[in-house]
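Please open the model in a viewer and follow the stops below in order. Each stop gives a selection and then describes what is found there.

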Amino acid sequence: MSLKTSFWTEIAQLAKTNSIIIDRPKHSAHPRYPEVIYPLDYGYLENTSAGDGDGIDVWMGSSNTRTLTGILCTFDTFKRDAEIKLLIGCNEKDLQIIRNFNNHMHTLFIPNPLTTT
């Protein structure tokens, strides 16, 4: 198994086996910025750790699958902060919605090469 395949296989397995905690449901307001409304379910993987000390961030798309669509890498110039967010069950429309939501940041979408969107 190549390193690339191993990376995607392992991260997809993590997304499938860990509980997804949706702490910001679709249409809910951001806890600190009430004018910011989440267009899709947003949360984190339970029992994981990201660079900010919280769980790995997750965007849940509109399909009812636990398929890892890809990863969104974000860089916030204002906060001087970089993160990854797992995109699960996302179609093309969901991807555009997520990109629009994150339009204040620099983003890079990396599709999962082991699946198709």
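Begin with Glu-83, which lies in strand 5 (residues 81-88); helices (H or I, at least four residues) and strands (E, at least two) are DSSP runs, numbered from the N terminus. This is a predicted model, in which local features need pLDDT of at least 70 and side-chain atom pairs count only at pLDDT 80 or more, while totals for chains, interfaces and linings use all residues. Residues are numbered from 1 along each chain as its sequence is written, and side-chain values use heavy atoms, with hydrogens and water left out.

Glu-83 is buried, with a relative accessible area of 18% (buried means under 20% relative accessible area, exposed over 50%, partly exposed in between, with a 1.4 Å probe and protein chains only). Display its side chain together with that of Lys-85: the two make a polar contact at 2.7 Å (a pair of N or O atoms within 3.5 Å; within protein, one must be able to donate a hydrogen and the other to accept it, and residues adjacent in sequence count only if both atoms are side-chain atoms). Not counting residues up to four places away in sequence, Glu-83 also touches Asp-52, Asp-57, Leu-72, Cys-73 and Thr-74, where contact means heavy atoms within 4.5 Å.

Next, select the largest nonpolar core, which has 13 residues; those with the most contacts inside it are Ile-11, Ile-20, Val-58, Leu-68, Leu-86 and Ile-88. A nonpolar core is a set of buried Ala, Val, Leu, Ile, Met, Phe, Trp, Tyr and Cys residues joined through side-chain atoms within 4.5 Å. Helix 1 (3-17), strand 3, strand 4 and strand 5 each give two or more residues to this core. Helix 1 gives the most, with four residues. A second, separate core of 11 residues includes Trp-59, Leu-87, Cys-90 and Leu-95.

Now centre the view on Val-58. Not counting residues up to four places away in sequence, Val-58 touches Ile-20, Asp-41, Tyr-42, Gly-43, Tyr-44, Leu-45, Leu-86 and Ile-88.

Finally, move to Ala-15 in helix 1. Is Ala-15 buried or exposed? Ala-15 is buried, with a relative accessible area of 0%. Leaving aside neighbours within four places in sequence, Ala-15 is in contact with Ile-20, Leu-45, Arg-66, Leu-86 and Ile-88. To end the tour, select the C-alpha atoms of Ala-15 and Asn-103: these residues are 88 residues apart along the chain, and the two atoms are separated by 25 Å.
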